[in-house]
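Please read the text with the structure open beside it.

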Amino acid sequence: KHFRVRSGLRGLARRGPRPVVHAVDDVTLRLRRGTVTAVVGESGSGKSTIARLLAQLYPATGGDLLLDGKNARAKGGRAFRAYCRDVQMIFQDPFGSLNPVHTVRYHLTRALRIHGRAGSTPAELEQALTDLLGRVHLTPAARYLDVFPHELSGGQRQRVAIARAMAAQPRVLLADEPVSMLDVSIRLGILNLLRDLKEGMRLAILYITHDIASARYFADETMVMYAGRLVEGGNSETVTQRPAHPYTQLLIASAPDPDRIAEGVGPTDAPPADADAALPAALAGAGDDAHAVAEHEAAVVAEAEAESDAPGEPPSLITPPAGCRFHPRCPKAMERCRSEAPPRFAVADDQWAACWLYEGRPLAPDPADAAD
Ligand code: SF4
Ligand code: MG
């Protein structure tokens, strides 16, 4: 049976001294078990906000979050606790997400205890720890259990973070730029590990990235985000080989050779510094941390404020352009693009685009209405 998250989310409405920022606006997406869905966008497009809304690290101001048809948006209660276990997250910075004063054993034991999977005897706990490390290919476990994060490489730390997420036996993994801070030579290994977990555990993975070439390599489905909205989506091969939306076409034209990632080289440009990269470790666990959430909100607002409206730059999310938000940069913009936001048109069996160029084609089915 398919897993489904539906969300028509408006993130981060904020009033008072700070401007209102809708980091994410009317986004609906559906994640399926055993499938990687990529959300690709520039820094400041709102893509990390989607992951944080889905993880309920802060509340959405509207919309639904459905997990197997049950709405988990209300805080508290059994449905919410089950949601927090079933939906786990890993972050861009594997160093920032592990507490430097604690060993791997501490991090994993704590996660196993929180999720009631630590067993009832020391031997059972040891076995659970060994299994977790084995699952992320850190073997023999004895070599890794009693070391501190600084004794591990970046890739090993990200594997520990993944193991910690797996301690919950989740059904959904939200991966926010999980390889962009890692050395190019080890990115492929982490993506391949995530792919193995997807297949072995039938995980639904949301892969947030600024790198469309890696989405093509790793994701089954790819969605493209611009200025807080999804503008194109569908089968990854189709979207990356025959992009329909002018913004996706621009992204692909400016991307490094999409085949390089498959050779294990990957794009060599450093990702833009992400305002939300350094969320504290507490957020990766079950609980949430009001301070960190407030910090993240402030970072998103600062990021939005820092954006200019210069040509060639993504627009401010404080005052997004009317109509199609891409129209100030679009080489094919028409008159109506300035005032009317385009709906999702089906451009192929496995592809849709929110662009008036495809007017006349059937509307794409709302993913929220799709049968499981
Ligand atoms: Fe360009 Fe208009 Fe399509 Fe927007 S709707 S991408 S402005 S052609
Ligand atoms: Mg980000």
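In this predicted model, helices α3 and α4 stand roughly perpendicular to each other, because their axes cross at roughly 110°, an angle that falls in the range of 65 to 115 degrees counted as roughly perpendicular. The two axes, of α3 at residues 104-114 and of α4 at residues 122-135, come within 10 Å. On the α3 side the contact is made by R105, L108, T109 and L112, and on the α4 side by L125, A128, L129 and L132. Sorted by class, the residues of this contact comprise 6 nonpolar, 1 polar and 1 charged.

Helix α3 also has a set of buried residues, namely V104, H107, L108, T109, A111 and L112. The elements that cover these buried residues include α4, together with α5 (141-144) and α6 (154-166). Just after α3, the backbone at G116 takes a positive phi of about 65°.

Is G63 buried or partly exposed? G63 counts as partly exposed, because 19 C-beta neighbours lie inside 10 Å, whereas a buried residue needs 20 or more. Although G63 and D26 are 37 residues apart in sequence, their C-alpha atoms are 8.2 Å apart in space.

Turning to the ligand, 14 residues surround ligand 1, and the closest of these are C324, H327, C330, C337 and C355. The shell around ligand 1 is made up, by class, of 11 nonpolar, 2 polar and 1 charged residues.

Confidence should be kept in view when the model is read. The protein has a mean pLDDT of 81, and 75% of its residues reach 70 or more.

| Stretch | pLDDT | Contacts beyond near neighbours in sequence |
|---|---|---|
| Residues 6-19 | below 50 | 53 contacts |
| Residues 304-311 | below 50 | 16 contacts |

For the model as a whole, the scores are ipTM 0.97 and pTM 0.81.

Technical notes
Residues numbered from 1 in each chain as written. Chains lettered and ligands numbered in written order. Predicted model: local features only at pLDDT ≥ 70, side-chain atom pairs only at ≥ 80, totals over all residues. Axes fitted to C-alpha atoms, helices over the stretch in contact; angles between N-to-C directions. Helix = DSSP H or I, 4+ residues; strand = E, 2+ residues; numbered from the N terminus. Parallel < 35°, antiparallel > 145°, perpendicular 65-115°, else oblique. Contact = placed C-beta atoms within 7 Å. Nonpolar A, V, L, I, M, F, W, Y, C, P; charged D, E, K, R; others polar. Near = placed C-beta within 6 Å. Buried ≥ 20, exposed ≤ 12 C-beta atoms within 10 Å, placed from the backbone. pLDDT = per-residue confidence, 0-100.
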